[in-house]
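Let us read a structure together, one feature at a time. Keep the model open as we go.

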Amino acid sequence: MHTYEALPGRVVFGAGVARTELAAEVDRLGARAVLLIASTRDAERVRALAAPLGDRVAATFTDVREHVPVATAEAARAAAAGADAVLAIGGGSTIGAAKAVALTTRLPVLAVPTTYAGSEVTPIWGLSEDGVKTTGVDLAVLPRTVVYDPELTVSLPEGLAAASALNAMAHCVEAFWAPRRNPVSSVIAEEAVRSLAAGLSGSGLAAATDLLRGAWLAGTAFAVAGSGLHHKLAHVLGGLGLPHARTHAVLLPHVLAFTAPGAPEAVERLGRALGTADPVAGLRALVAGTGVPGGLRALGLRADQLATVVERTAAVVPPDHPVPAGRAELTALVETAWEGE
Ligand code: NAD
């Protein structure tokens, strides 16, 4: 049996559209008083992008933090007083802050992503407090409109771009075996792998366009297929303080090698998209070319934390993972991913 639930949302995609279409998209939402959320990293460009909105920008919130600490969410909600929409320009952390606002205020969100994290097409929110990350699902946090412009991601430093693209790759690879996978998510995920692989092998605006298109598709597949072992493991590691995108990037080849023997459809689709009979080797080669380290040890995970990672993951791993994933198997996987063999 399959179940499939399409998610609503409008997407505008193209080089330059953040410069040319943003004001029209704000109008389309009927917004007159927008809360703009963007970190100070690229303040000049954000100012230029928001300029056509004029006095429709009612307030600005810049104190963006990774994993949306509860205090950040509360400050952003206070800044939203009097606003009728939220405009987020930035990576997953910035879009996460906008989602936190939407969660309690129900304001519509317009997202302009500058990384390949994919949060803009999912109804998943996340908040963190005292080192514990909580996530939930609420359609109110799903952005109403997404403006995808590769001119904004082409400036990502190489290492960050690769890690973020591999974060997107994890969404689509896992969509092949995730709990709510379905024929629609699998088709989208396969095309996402193709687009991301092309982008990872290219350069300049053409590569950024392939990567962003791949990120859109990957996030779309992940949003309906849900989290499997890979995302559960990455979530546990994120809770221990590891960096989001790089953790996904390091983990992915290990989880694929672990899972592939029980997932023939994933192997077939990945092989087709990567143009190889051995997609595990194909993915390893793609990752190796990016300079992402081979093991979690290089990201700062300590040997004495491995048992905690196994315990926490064992408690949440979906019961229908394609290969046995009990404590013994997870221990072997986590140790291998830590060593980076
Ligand atoms: P991020 O938003 O924290 O950005 C990483 C770094 O890149 C930051 O320093 C940021 O300032 C910088 N940056 C962003 N865009 C840039 C650009 N175009 N050029 C140069 N630098 C740029 O990281 P992320 O990986 O995009 O997002 C991670 C967060 O998003 C995590 O909290 C994660 O849990 C969340 N997330 C949520 C979902 C979801 O569905 N809810 C999905 C994916 C990620």
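Q: Where is His67 found?
A: His67 sits in the loop between β3 (57-61) and α4 (70-79). This is a predicted model.

Q: What should I look for in the phi of His67?
A: Most residues other than glycine have a negative phi. His67 has a positive value, near 65°.

Q: Is His67 buried or exposed?
A: The cut-off for buried is under 20% relative accessible area. His67 is at 18% relative accessibility, so His67 counts as buried.

Q: Where is Val68, and what is its phi?
A: Val68 also lies in the loop between β3 and α4. Its phi is positive too, near 45°, and Val68 is not a glycine. At 4% relative accessibility, Val68 counts as buried.

Q: How do I check the span of helix α9?
A: Count 1.5 Å a residue. The 22 residues of α9 (residues 204-225) should span 32 Å. The end C-alpha atoms of α9 are 31 Å apart, which agrees.

Q: What follows α9?
A: Gly226 does, with a positive phi near 90°.

Q: How many helices and strands does the chain have?
A: The chain has 15 helices and eight strands. Its radius of gyration is 19 Å, close to the 20 Å from the globule rule for 341 residues, so the chain is as compact as a globular protein of that length.

Q: What share of the residues is buried?
A: Buried residues make up 55% of the 341.

Q: How many charged side chains are there?
A: There are 27 positive and 32 negative side chains. The centres of the two sets lie 3 Å apart.

Conventions:
Residues are numbered from 1 along each chain as its sequence is written. This is a predicted model: local features need pLDDT of at least 70, side-chain atom pairs count only at pLDDT 80 or more; totals for chains, interfaces and linings use all residues. Side-chain values use heavy atoms; hydrogens and water are left out. Helices (H or I, at least four residues) and strands (E, at least two) are DSSP runs, numbered from the N terminus. The radius of gyration is taken over C-alpha atoms; the globule rule is 2.2 Å times the number of residues to the power 0.38. Buried means under 20% relative accessible area, exposed over 50%, partly exposed in between (1.4 Å probe, protein chains only). Lys and Arg count as positive and Asp and Glu as negative; His and the chain ends are not counted. The place of a charge is taken as NZ of Lys, CZ of Arg, CG of Asp or CD of Glu. The expected span of a helix is 1.5 Å times one less than its number of residues.
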